[in-house]
Amino acid sequence: MDVFECIRTRRTVRDFRPDPVPDDVLYRILQAARWAPSSSNTQPWHFIVIKNPDTIKQLGTICTQGTFISQAPLAIAVVMADARRPDLDAGRALQQMELVGWSEGLGTCFVGMRAEEQQVAVKELLGIPEDMALITVLPFGYRSEGARGRGTPRKPMSEITHHERYGQSLALE
Ligand SMILES: Cc1cc2nc3c(=O)[nH]c(=O)nc-3n(C[C@H](O)[C@H](O)[C@H](O)COP(=O)(O)O)c2cc1C
């Protein structure tokens, strides 16, 4: 799939088919993360691959903003070690994982864990050291044919772009 087409068509997926994700596809997703850029090339990330159905079910129970994790055949927790800018570095890796997953027919959803108790519970479940930053748990699974997410339009280009100075409109065909 062409890069722009992948970016343009990707949508968050919260319903997964139960079919397992083959290891070669999983490997490509992890490689996509591994090749992401990071501040000073520190590569402060760790990726915990979870396939155990019991663990996945427990993640779905803990993560109230992502209960659909429990249906996924695969989840990957993204954890940052001693990163100066963990969100930025993780964001670069995450997006690459999402796009490669999408190009392989998979879907995923960024699952946030805002509550401290959720962070603690997931860290305990996955054996993540307390001082590491848990960014998200990404469920992965094959998406149903034609899955287009919840319909998530984007702001018009004219609202978010500017010509030379903020507030001056950019006329692009
Ligand atoms: C930082 C971040 C946090 C998010 N947290 C959640 C979440 O906790 N639960 C959820 O269902 N979706 C979550 N999302 C998905 C967004 O709702 C989704 O990306 C947005 O509505 C745009 O839709 P699209 O990805 O289909 O284009 C999150 C996305 C981002 C980037």
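This briefing walks through the sheet, the core, the loops and the ligand shell of one structure.

The model is predicted, so local features need pLDDT of at least 70, side-chain atom pairs count only at pLDDT 80 or more, and totals for chains, interfaces and linings use all residues. Residues are numbered from 1 along each chain as its sequence is written. An open sheet of four strands has the order β1-β2-β4-β3, with antiparallel pairing. The largest nonpolar core has 36 residues. Eleven residues surround the ligand.

**The sheet**

- Helices (H or I, at least four residues) and strands (E, at least two) are DSSP runs, numbered from the N terminus.
- Two strands pair if DSSP finds at least two bridges between them.
- In the order β1-β2-β4-β3, the edge strands are β1 (45-50) and β3 (106-108). Each has a single partner strand, so one side of each is left without a neighbour in the sheet.
- The twist averages 25° from one strand to the next. Axes are lines fitted to C-alpha atoms, for helices over the stretch in contact, and angles run from 0 to 180 degrees between N-to-C directions.
- β1 and β2 (residues 74-80) are antiparallel and share six bridges. Trp-45 has Met-80 of β2 as its bridge partner. Val-49 is bridged to Ile-76 of β2.
- β2 and β4 are antiparallel too, over seven bridges. Here Met-80 has Ala-133 of β4 as its bridge partner, and Ala-75 has Pro-139.
- β3 and β4 make an antiparallel pair with three bridges. Leu-106 stands opposite Tyr-142 in β4.
- Helix α5 (residues 116-126) lies across β1, β2 and β4 (133-142). The helix runs at about 70° to β4.

**Buried strands and the core**

- A residue is buried if 20 or more other C-beta atoms lie within 10 Å of its own, exposed if 12 or fewer, and partly exposed in between; C-beta atoms are placed from the backbone.
- Seven of the seven residues of β2 are buried, so β2 is largely enclosed by the rest of the structure.
- In a regular strand the side chains alternate between the two faces of the sheet.
- In β2, Leu-74, Ile-76, Val-78 and Met-80 point one way. Ala-75, Ala-77 and Val-79 point the other way.
- Nine of the ten residues of β4 are buried, so β4 is also largely enclosed by the rest of the structure.
- A nonpolar core is a set of buried Ala, Val, Leu, Ile, Met, Phe, Trp, Tyr and Cys residues joined through C-beta atoms within 7 Å.
- In the largest core, the residues touching the most other members are Ala-75, Val-78, Val-137, Leu-138 and Phe-140.
- At least two core residues come from each of α2 (23-34), α3 (53-62), β2, α4 (86-103) and β4. β2 gives the most, with seven residues.
- In soluble globular proteins, nonpolar side chains tend to be buried together.
- Two residues are in contact if their C-beta atoms, placed from the backbone, lie within 7 Å.
- Leaving aside neighbours within four places in sequence, the contacts of Phe-140 include Val-21, Ala-72, Leu-74, Ala-75 and Leu-106.

- Ser-40 sits in the loop between α2 and β1. Its phi is positive, about 55°, although Ser-40 is not a glycine. Ser-40 counts as exposed, with 9 C-beta neighbours inside 10 Å.
- Asp-82 lies in the loop between β2 and α4. Its phi is also positive, near 50°, in a residue other than glycine. Asp-82 is exposed, with 10 other C-beta atoms within 10 Å.
- Pro-73 belongs to the loop between α3 and β2. Pro-73 is partly exposed, with 18 C-beta neighbours inside 10 Å.
- Not counting residues up to four places away in sequence, Pro-73 touches Phe-16, Pro-18, Asp-19, Pro-20, Val-21 and Gly-141.
- Pro-73 and Met-157 are 84 residues apart along the chain, and their C-alpha atoms are separated by 37 Å.

**Around the ligand**

- A residue is near a molecule if its C-beta atom, placed from the backbone, lies within 6 Å of it.
- The closest residues to the ligand are Arg-11, Thr-12, Gln-65, Gly-112 and Thr-152.
- The shell divides into three nonpolar, six polar and two charged residues.
- Ala, Val, Leu, Ile, Met, Phe, Trp, Tyr, Cys and Pro count as nonpolar, Asp, Glu, Lys and Arg as charged, and the others, Gly among them, as polar.
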